[in-house]
Structures are given as C-alpha cells and as structure tokens.
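Me: I'd like a close look at a single part of this model. Please take the strand pairing and go through it slowly with me.

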Amino acid sequence: MVRALFCWAAASGPRRARMHELSLMDALGQRVLEVAQQQGAERVLSIQLRIGSLSGVDPEALRFAAEVVLKDTCAAGAALTIEEIPAAGWCEPCAAEFSLGPNSWLCPRCGAPSARLLRGRELILVSLELFP
C-alpha cells in the first residue's frame with residue numbers, strides 16, 4: 001500500500017521534491033518511533049519541527065510524506081507543527097546580522113555580500129508529545 005501511495009506522490013508533483021521529503025520524513029519517522037519506544041509511549045500525539053527557509057524542504061510535501069510514512073504506526077495521525085525559520089546572514093564590515101532574501105545575500109546597510117550563514121538550513125526535530 002505504501003508503494004502505491006509513493007508512486008502517486010511522485011506523479012502528483014515534481015518527482016525530485018516528493019522523493020526528497022519522503023526520505024527525510026522516513027528518517028524523522030524512524031527517530032520519532034525510536035523515542036516513543038524508549039519512553040514506553042503508546043501513541044505520539046504531536047511532532048514539532050523547525051525548517052529553515054534555505055533547507056530545500058517543502059513543508060506541504062513533508063506533511064504529505066508524514067501521512068504516508070507514519071501510517072499504521074503509533075505516530076499515525078499525530079499533529080505535525082512546522083515552524084519555518086527565516087534565513088539570516090552575517091555582515092563582516094558592519095558586524096551585524098541581517099535577513100537574507102530569496103535571491104540576495106547582500107547586506108542592506110553596506111551592500112557587502114554575506115559569506116556566513118547564521119541560520120536558514122535547519123531541519124530540527126524540536127519536540128514530541130507522547131501518550132503514556
């Protein structure tokens with residue numbers, strides 16, 4: 001059954017993006033189930049993630065992948081909360097942090113390019129709510 005759902009997901013959008021989120025959610029799902037088992041939980045009620053805006057992860061594709069990967073597990077139906085983290089760079093000349101735009105790594109104060117990414121590539125499993 002999972003194989004049929006995966007084929008549908010790959011056909012419904014860009015194949016590369018769907019496959020990427022499916023493999024990420026597979027790894028996250030394994031970790032979620034591992035923690036649930038270690039804690040002796042019967043069910044996973046919620047999963048909280050942080051995803052950087054430059055991570056290359058599509059939150060909606062990840063939500064769909066979660067339904068597929070977590071089906072028939074103790075995490076099936078768990079609420080998935082995704083916090084998107086905006087990208088930020090560091091300007092050496094100004095010694096200041098600034099928000100990175102989708103196509104701009106230039107400091108808005110002095111115009112210098114940022115060579116240092118402070119955040120925006122994260123994919124973090126923040127927390128789980130478990131039912132004992």
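Reply: Let's start with the word itself: two strands pair if DSSP finds at least two bridges between them. Strands (E, at least two residues) and helices (H or I, at least four) are DSSP runs, numbered from the N terminus. Keep in mind that this is a predicted model, where local features need pLDDT of at least 70, side-chain atom pairs count only at pLDDT 80 or more, and totals for chains, interfaces and linings use all residues. Residues are numbered from 1 along each chain as its sequence is written, and side-chain values use heavy atoms, with hydrogens and water left out.

Now find β3, residues 88-91. It pairs with β4 (residues 96-99) in the antiparallel sense, over 4 bridges. There are 4 residues between the strands of this hairpin, and Ala95 takes a positive phi near 50 degrees. β3 also runs antiparallel to β5 (residues 116-119), joined to it by 3 bridges. Trp90 lets you see both pairings: its bridge partner in β4 is Glu97, while in β5 that partner is Arg116.

For some context, look at the nonpolar cores. A nonpolar core is a set of buried Ala, Val, Leu, Ile, Met, Phe, Trp, Tyr and Cys residues joined through side-chain atoms within 4.5 Å. Buried means under 20% relative accessible area, exposed over 50%, partly exposed in between (1.4 Å probe, protein chains only). The largest one has 21 residues, and α3 gives the largest share, 6 residues. Apart from it lies another core of 6 residues, including Ala87 and Cys91.
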